[in-house]
Amino acid sequence: MVFYVDFDDCLCETAKSFTEIAARLFDKKVPYEDVRFFNLQKTFDLNEEEYQLLMEEGHRPEVLLSYEETPGCSQVINEWLDRGHEVYIITGRPYSAYEPSRQWLDEHGLERVKLFCLNKYGRDAFYQAGEHNLELEDFYQMQFDFAVEDSPFAFPYLEHFSDLKVMVFDRPWNQECDFPNENFKRVKDWKSIKEYVENLLGRIDTSDISKSQFKGKMKYWKWINLIPMVLFIIRDMLGMAGINPIWLLVAVALAIMNVFKAKSMREYLLASLLLLLSCVVGMILNTYYYYYFISSDSETPIVGAFAVMVYGIIVLVLTGVGAVILAIKNRQKKHECKG
């Protein structure tokens, strides 16, 4: 199984530390139990300048390293690792916080987990390209079976994974939020997390293919776009040439499928490229076969070239429309997460 685990307020008591920082810097005394908003600027009633100072102070390396561990997290995660599960720590911290965050994990017995910084909240000013950085498109390429998260702002991202079991770590700022679906479950602590996971894993019959394996195989759906090439080969055997409406409808159906199946723009464009190549190469092979083995009429290459252009233009237009639709969907998700 593959686990997604958030860092702040899942592995360590970040919010409690921020209440101390706000009291020390601005004399804003808000008890941890009254931190009702994930947005700390709103929680502590800070202006923009004060909020920037708060975030800079909270992300200084020595401060990050001082955050207390959430009881039980390292023990449970190491048990998962010992059993052969994979654990990814996906944090919304800026990339500048990667090294102290990695050090914190190592010092708390979590040196085996992988750490990535995901641009969860659109903090473009903090984001830098790097080996341990993820943009949403990269994140959507990953596969997870379980997730541990506290932030309601991250729920839309996790909802993207249809079969993902999300354990919402009980915190003051997520008490009144609505869960997107039945896959989201509130958990009190790491003991509850461990019990919930073990209960679900215990229901899985050992003869069944694990969900992770199934999802991995689902990555190959894009190869369905090679069907037009196969169909053109069948056309060769039947001695057909030119544009067939049924074959055209198949190409259109595949183009529509790509929009709904793709989990990122990159995956969509790859699938669409396969569809384009399948149609163009298939039509070229069909024309070649028809000309040399069925009829050497001088018009055959012209008809074939025209058919290639028609199929190619149609697929390119559909790809463009699909790309716009996918871009709008991704923008809406980002907007929802920013509140």
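Colleague: Starting with Asp27, is that residue buried or exposed?
Modeller: Asp27 is exposed, at a relative accessible area of 53%, where exposed means over 50%, buried under 20% and partly exposed in between, with a 1.4 Å probe and protein chains only. This is a predicted model, in which local features need pLDDT of at least 70 and side-chain atom pairs count only at pLDDT 80 or more, while totals for chains, interfaces and linings use all residues. Residues are numbered from 1 along each chain as its sequence is written, and side-chain values use heavy atoms, without hydrogens and water.

Colleague: And where does Asp27 sit?
Modeller: Asp27 lies in the loop that runs between helix H1 (14-26) and helix H2 (40-43), helices (H or I, at least four residues) and strands (E, at least two) being DSSP runs numbered from the N terminus. Its phi is near 60°, which is a positive value in a residue other than glycine.

Colleague: What about the phi of Asp45?
Modeller: Asp45 is not a glycine either, and its phi is positive at about 55°. The loop that holds Asp45 is the one between H2 and helix H3 (48-58), and with a relative accessible area of 58% Asp45 counts as exposed.

Colleague: Switching to charges, how many salt bridges are there?
Modeller: The count comes to 12 salt bridges, each of them a side-chain nitrogen of Lys or Arg within 4 Å of a carboxyl oxygen of Asp or Glu.

Colleague: Which residue does Arg24 pair with?
Modeller: Arg24 forms a salt bridge with Glu57, and their closest N and O atoms are 3.2 Å apart. That pair links distant parts of the chain, since Arg24 belongs to helix H1 and Glu57 to helix H3, 33 residues apart. Arg24 is exposed at 53% relative accessibility, whereas Glu57 is buried with a relative accessible area of 14%. Both residues also belong to a salt-bridge network that links Arg24, Glu57, Arg60 and Glu62.

Colleague: What about Arg83, which partner does that one have?
Modeller: The partner of Arg83 is Glu198, with 3.6 Å between the closest N and O atoms of this salt bridge. Arg83 is in the loop between helix H5 (73-82) and strand E2 (86-91) and Glu198 is in helix H9 (residues 190-202), so the pair ties together parts that are 115 residues apart in sequence. In terms of exposure, Arg83 is exposed at 52%, and Glu198 is partly exposed at 33% relative accessibility.

Colleague: And Lys16, what does its side chain meet?
Modeller: The side chain of Lys16 meets that of Glu13 in a salt bridge, at 3.6 Å from N to O. Lys16 is partly exposed, with a relative accessible area of 37%, but Glu13 is buried, with 7%.

Colleague: New topic, the sheet: what is the strand order?
Modeller: The order is E4-E3-E2-E1-E5-E6-E7, in an open sheet of 7 strands with parallel pairing, and two strands pair if DSSP finds at least two bridges between them. Strand E4 (133-134) and E7 are the edge strands, each pairing on one side only.

Colleague: Why call E6 largely enclosed?
Modeller: Strand E6 (residues 165-169) has 4 of its 5 residues buried, so the rest of the structure largely encloses it. E6 pairs in the parallel sense with strand E5 (residues 146-149) over 4 bridges; in this pairing, Lys165 is the bridge partner of Phe146, and Val166 stands opposite Ala147. E6 is also joined by 4 bridges to strand E7 (residues 184-187), again running parallel, and there Val168 has Arg186 as its bridge partner.

Colleague: How many cavities of 30 Å³ or more does the structure hold?
Modeller: The structure holds 2 such cavities, a cavity being a set of points on a 1 Å grid over the protein atoms alone where a 1.4 Å probe fits but cannot get out, with lining residues having an atom within 4 Å of a point.

Colleague: Last one, which residues form the nonpolar patch on the surface?
Modeller: The patch is formed by Leu270, Leu273, Leu277, Val281 and Leu285, which together have about 400 Å² of accessible area, from the Shrake-Rupley method with a 1.4 Å probe. Patch residues have over 30% relative accessible area and no salt bridge, and nonpolar side chains (Val, Leu, Ile, Met, Phe, Trp, Tyr) are joined within 5 Å, like charges within 9 Å. Leu285 is found in helix H13 (residues 265-293) and is partly exposed, with a relative accessible area of 40%.

Technical notes:
On a 1 Å grid over the protein atoms alone, a cavity is a set of points where a 1.4 Å probe fits but cannot get out, and a pocket is an open set with protein on both sides within 12 Å along at least five of seven lines; lining residues have an atom within 4 Å of a point. Grid points are joined across faces, edges and corners, and a volume is the space filled by probe spheres set on the points.
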